[in-house]
Amino acid sequence: MRGNFNTVYNKLKDEIMSGSLEEGTKLLSLAKLSDKYDVGVSTVREVLRALQSQSFVKIEQGRGTFVTYDAKRSNDSISKSEVRDLMDLTSFRTMVEPSFAGIAAVQAFQFEIDLIVESANKMAELAKKGEDTKEEDLTFHLLIAKATHNAYTIKFYEDFQEQLSMGRKHTNVPGMIEKAAHYHLMIAEAIRTRNSSQAKMYMQAHMESNEELALNLLF
């Protein structure tokens, strides 16, 4: 089953990334894709969810699945200035967010911890289903900022949402979503158990993985 999944996934992704399936194109129905690739409908559905989680397509209930990836604006053509902005963003987050997580592990009220854990679990479930995790990702980090109970930290993070959202589109690549969801679970567990040093360490590793991706885009 996994072999069939990989075959269909790679073929569809290649068609999208090459521009053979242009942005806005409506894909064949589940049944027709199933016949075309000689796999079960459930496998096709899993492939489309995976592609949606990586922003290649969008599944619209009752309408079908549409290509949302523009090959002309792929990561390969990201300007140097965009990549450097992304590097500055991820570098800055690496400097501040581990401290946020460490403080939240000490300062958070129980209801705030519950919300952080709930968000981490929800993102993990969305990633598993191949659904969009962008909003839940932003929510998780904002919840941690709020749990510091520092007015400046909270305002900074609330005002920072647009930049974070823009940076997220470049880190929304195969493998990164699942990795981010895993880090969220570890960070949430450290906060739940009031382990400040672990919360800080896991957030540091999470941010450093984003920095590594930015460097890969540049070089």
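**Asp-38 sits in the loop between helix 2 (30–37) and helix 3.** Helices here are DSSP runs of H or I with at least four residues, strands are E runs of at least two, and both are numbered from the N terminus. This is a predicted model, where local features need pLDDT of at least 70 and side-chain atom pairs count only at pLDDT 80 or more, while totals for chains, interfaces and linings use all residues. Residues are numbered from 1 along each chain as its sequence is written, and side-chain values use heavy atoms, leaving out hydrogens and water. Asp-38 is not a glycine, yet its phi is positive, at about 55°. With a relative accessible area of 69%, Asp-38 is exposed (over 50%; buried is under 20% and partly exposed lies in between, using a 1.4 Å probe and protein chains only).

**Arg-194 is another non-glycine residue with a positive phi, here about 60°.** Look for Arg-194 in the loop that runs between helix 9 (176–192) and helix 10 (196–218). Arg-194 counts as partly exposed, at 38% relative accessibility.

**Glu-97 and Arg-93 form a salt bridge between their side chains, 2.5 Å from N to O.** A salt bridge is a side-chain nitrogen of Lys or Arg within 4 Å of a carboxyl oxygen of Asp or Glu. The structure holds 5 of these. Side chains of opposite charge can pair when their charged atoms come close. Both partners belong to helix 4, and their spacing of 4 residues is about one turn of the helix. Glu-97 is buried at a relative accessible area of 2%, and Arg-93 is also buried, at 11%.

**Lys-155 and Asp-159 make a salt bridge of 2.6 Å, N to O.** About one helical turn separates Lys-155 from Asp-159, because they are 4 residues apart in helix 7 (residues 151–159). Lys-155 counts as exposed, at 51% relative accessibility, whereas Asp-159 is partly exposed, at 49%.

**At helix 9, the side chains of Glu-189 and Arg-192 meet in a salt bridge of 2.7 Å, N to O.** Glu-189 is partly exposed, with 37% relative accessible area, and so is Arg-192, at 43%.

**Met-207 of helix 10 has its C-alpha 8.9 Å from that of Met-95.** Along the chain, these two methionines are 112 residues apart. Met-207 is buried, and its relative accessible area is 1%.

**Phe-109 lies in the loop between helix 4 (80–107) and helix 5 (110–129).** Its relative accessible area of 49% makes Phe-109 partly exposed.

**The second largest pocket has a volume of about 360 Å³.** A pocket is an open set of points on a 1 Å grid over the protein atoms alone, where a 1.4 Å probe fits, with protein on both sides within 12 Å along at least five of seven lines; lining residues have an atom within 4 Å of a point. Points are joined across faces, edges and corners, and the volume is the space filled by probe spheres set on them. There are 18 lining residues, and Leu-30, Leu-48, Ile-59, Gln-61 and Thr-65 are the closest to the centre. Helix 3 (41–53), strand 1 (57–60) and strand 2 (64–67) each give two or more residues to the lining. Helix 3 gives the most, with 4 residues.
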